[in-house]
Amino acid sequence: MPSFPTKSGASNFAVRVFLSQISIEIGRFNKKTHFKEIITKFNNECAYCGSNNDLEVEHIIGINKHEVGLNIKSNVIPSCHDCNDNKQKKKLDWQRQLELVVTDKSEYHKRYNKILNHLSSKNASIDEHVVGEIKKIAEELYKEVSEAIDKKVKLIKLSLRP
Ligand SMILES: [Zn+2]
């Protein structure tokens, strides 16, 4: 990642804030009150590889404009640092990350179903058409932020002319 701020960085950040605000409307995930319960549900193990060290908060569906995941309980699972890091760095979806770390077929299906089940648990199954709507608006927001920056830069460019 570049060390200077970029337009795409600003647009991505705006989309993440937007998704985070929507999460508040639905019932935002709170690490202090919810994570312990989720970890217990997953037997104190990484939902992907089964390791039990250093469990971190992992969003199954990424909070970005491509995946439009939300910061809500049903989108959070425990993950070890390695799985979390690998999934994020390589921009993998959860199914792919699971495939990479679980070779045993029946174990794979067990974990796959457990994650899927958690993802569709009661307090957060959002209607598919709402998800489509969120995605559309997130894309608009991404574009708008980028265009707003361009516009403002253009204003200054004019003043800089000799
Ligand atoms: Zn893991």
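What follows is a short exchange on how the labels given to this predicted model are reached.

User: What kind of model is this, and how are its residues numbered?

Analyst: The model is predicted, so local features need pLDDT of at least 70 and side-chain atom pairs count only at pLDDT 80 or more, while totals for chains, interfaces and linings use all residues. Residues are numbered from 1 along each chain as its sequence is written.

User: How many helices and strands does the protein have, and what makes a stretch count as one?

Analyst: Helices are DSSP runs of H or I with at least four residues, strands are DSSP runs of E with at least two, and both are numbered from the N terminus. The protein has 6 helices and 2 strands. Along the sequence they follow the pattern α-α-β-β-α-α-α-α. The C-alpha trace spans about 70 × 30 × 30 Å along its principal axes.

User: What is Lys-7 in contact with, leaving aside its neighbours within four places in sequence?

Analyst: Two residues are in contact if their C-beta atoms, placed from the backbone, lie within 7 Å. On that basis Lys-7, found in helix α1, is in contact with Ser-146 and Ile-149. Lys-7 and Lys-143 are 136 residues apart in sequence, and their C-alpha atoms are 9.9 Å apart in space. Across the protein, among contacts between residues at least 6 apart in sequence, 73% join residues at least 24 apart.

User: How do you know that the length of α1 agrees with what it should be?

Analyst: The expected span of a helix is 1.5 Å times one less than its number of residues. For the 20 residues of α1 this should be 28 Å, and the end C-alpha atoms are 29 Å apart, which agrees.

User: Which residues of α1 are buried, and why are they said to line one face?

Analyst: The buried residues of α1 are Ser-11, Val-15 and Leu-19. Seen down the axis, they fall within an arc of 75° (the arc of the directions from the helix axis to the C-beta atoms), so they line one face of the helix. An α-helix has 3.6 residues a turn, so residues three or four places apart point the same way. On the other side of α1, Gly-9, Phe-13, Val-17, Gln-21 and Ile-24 are exposed. What covers the buried residues of α1 includes α6.

User: What puts the buried residues of α3 on the same side?

Analyst: The buried residues of α3 are Cys-83, Asn-84 and Lys-87. They cover an arc of only 100° around the axis, which puts them on the same side of α3. The face turned away from them carries the exposed residues Asp-85 and Lys-89. What covers the buried residues of α3 includes β1, β2 and α4.

User: What makes β1 and β2 a pair?

Analyst: Two strands pair if DSSP finds at least two bridges between them. Val-57 stands opposite Pro-78 in β2. From β2, Val-76 and Pro-78 point one way and Ile-77 and Ser-79 the other, and all are buried.

User: What makes a set of residues a nonpolar core, and which members touch the most others in the largest one?

Analyst: A nonpolar core is a set of buried Ala, Val, Leu, Ile, Met, Phe, Trp, Tyr and Cys residues joined through C-beta atoms within 7 Å. The largest has 21 residues, and Leu-19, Cys-46, Ala-47, Tyr-48, Ile-77, Ile-115 and Ala-138 touch the most other members. The elements that give two or more residues to this core are α1 (7–26), β2 (76–79), α4 (94–101) and α6 (128–160). Leaving aside neighbours within four places in sequence, Ile-115 is in contact with Ala-47, Ile-60, Ile-77 and Trp-94.

User: Where does Lys-91 lie, and what is its phi?

Analyst: Lys-91 lies in the loop between α3 (81–89) and α4, and its phi is near 50°, a positive value in a residue other than glycine. Most residues other than glycine have a negative phi. With 11 C-beta neighbours inside 10 Å, Lys-91 counts as exposed.

How values were computed
Buried ≥ 20, exposed ≤ 12 C-beta atoms within 10 Å, placed from the backbone.
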